[in-house]
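Subject: A structure to look at, with notes

Hello,

Please find the structure for our discussion just below, and have it open while you read the notes that come after it.

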Amino acid sequence: MFEAAGVEASKVLGLFWPLLAGAAVIWLLVVGGTFYAMRIRPERHSERFGRRLILIGGVIAPTLILAGIAVASLRLMADLRTAPADFTIRVTGEQFWWRVQYLDGQGRVTMETANEIALPNGSAVELELRTRDVIHSFWVPALAGKLDMVPGMVNRLLLEPRRTGTYRGQCAEFCGESHALMAFRVRVMEPAEYRIWLEHQRTDAPPPAGEPARRGHDRFLGYGCGACHSVRGTPATGGVGPDLTHLASRARIGAETLRNDHRSLARWLESTDVVKPGVRMPAFGMLPAEDLELIASYLEGLE
Ligand code: CUA
């Protein structure tokens, strides 16, 4: 949050510094007053002085200061909610990952991915935040303030990145055992690069290349992985877990829990329950290790 990379985060930071400075001044006054009363003039003060101190320091000053902070933050909040957006992305909190859907002008889903959000630099985007299980909180400190995802509600967060780069996001509301392992990343790209990314993510999955990947593809379908996961262009059309169509294009797996490489993929399949306690995906350690390796080979080819 101290390295704001977007309009909203800059505004929040702009409110944070005066608040911090004000808090420091009040702290110094209170500590200074205590020191004065204990060391410099420890004798009794007049009742008139005491009443005045309570009236000014305990009633008038806090009322004025808190009212000022309330006005400043309410104005900032209104400011953050009203900017028009260029396009909308729906982000749904799941236990414990993020479903990311890019919408067209009519609100139809044009592409689904997970745990990574790409944004074009300089565009205002509206994030439509939902959840299907418990309360989560969407927070990318470098880009905007946090906003809860509440069951039965649609909350809207506007943000406008102003600097390219990769920014970490984190669930900021305790949502179960693996709350701390519910992270994501936002990649802010130049608009041209973003368009290429989006075009690619909209395509179907590449066909398996090489013998292990082909056999892994058959195992993936044979074991019924497609009941929960989608790989566009194949019979796997499940909607429970993350869409895996372009899994290999993501930097990490398990919502930023593990590196996205062959070993981690095989480990994830074998022991999801250990890597991420409480996760909905069952562990498949009962399958032959060779099959898990083959499925990992297939998944790492999903560029
Ligand atoms: Cu989701 Cu904490």
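Predicted model: local features only at pLDDT ≥ 70, side-chain atom pairs only at ≥ 80, totals over all residues.

Residues are numbered from 1 along each chain as its sequence is written, and side-chain values use heavy atoms, with hydrogens and water left out.

Side chains of opposite charge can pair when their charged atoms come close. Taking a salt bridge as a side-chain nitrogen of Lys or Arg within 4 Å of a carboxyl oxygen of Asp or Glu, the count comes to 20. One of them joins the side chains of K11 and D79 at 3.4 Å, N to O, and this pair links distant parts of the chain, since K11 lies in helix α1 and D79 in helix α2, 68 residues apart. (Helices, H or I of at least four residues, and strands, E of at least two, are DSSP runs numbered from the N terminus.) K11 counts as partly exposed at 30% relative accessibility, and D79 likewise counts as partly exposed, at 41%; here buried means under 20% relative accessible area, exposed over 50%, and partly exposed in between, with a 1.4 Å probe and protein chains only.

A second salt bridge pairs R99 with E112, whose closest N and O atoms are 2.8 Å apart; R99 sits in strand β2 (residues 97-103) and E112 in strand β3 (residues 109-114), 13 residues apart. Both R99 and E112 are buried.

T88 belongs to strand β1 (residues 87-94) and is buried, because its relative accessible area is 18%. Its side chain makes a polar contact with the side chain of E126 at 3.0 Å, a polar contact being a pair of N or O atoms within 3.5 Å where, within protein, one must be able to donate a hydrogen and the other to accept it, and where residues adjacent in sequence count only if both atoms are side-chain atoms.

Lastly, L19, I26, V30, I65, L66 and I69 form a nonpolar patch on the surface, with about 480 Å² of accessible area together (Shrake-Rupley method, 1.4 Å probe, only the protein chains shown counting as cover). Patches are made of residues with over 30% relative accessible area and no salt bridge, with like charges joined within 9 Å and nonpolar side chains (Val, Leu, Ile, Met, Phe, Trp, Tyr) within 5 Å. Helices α1 (7-40) and α2 (47-82) each supply at least two residues of this patch.

Best wishes
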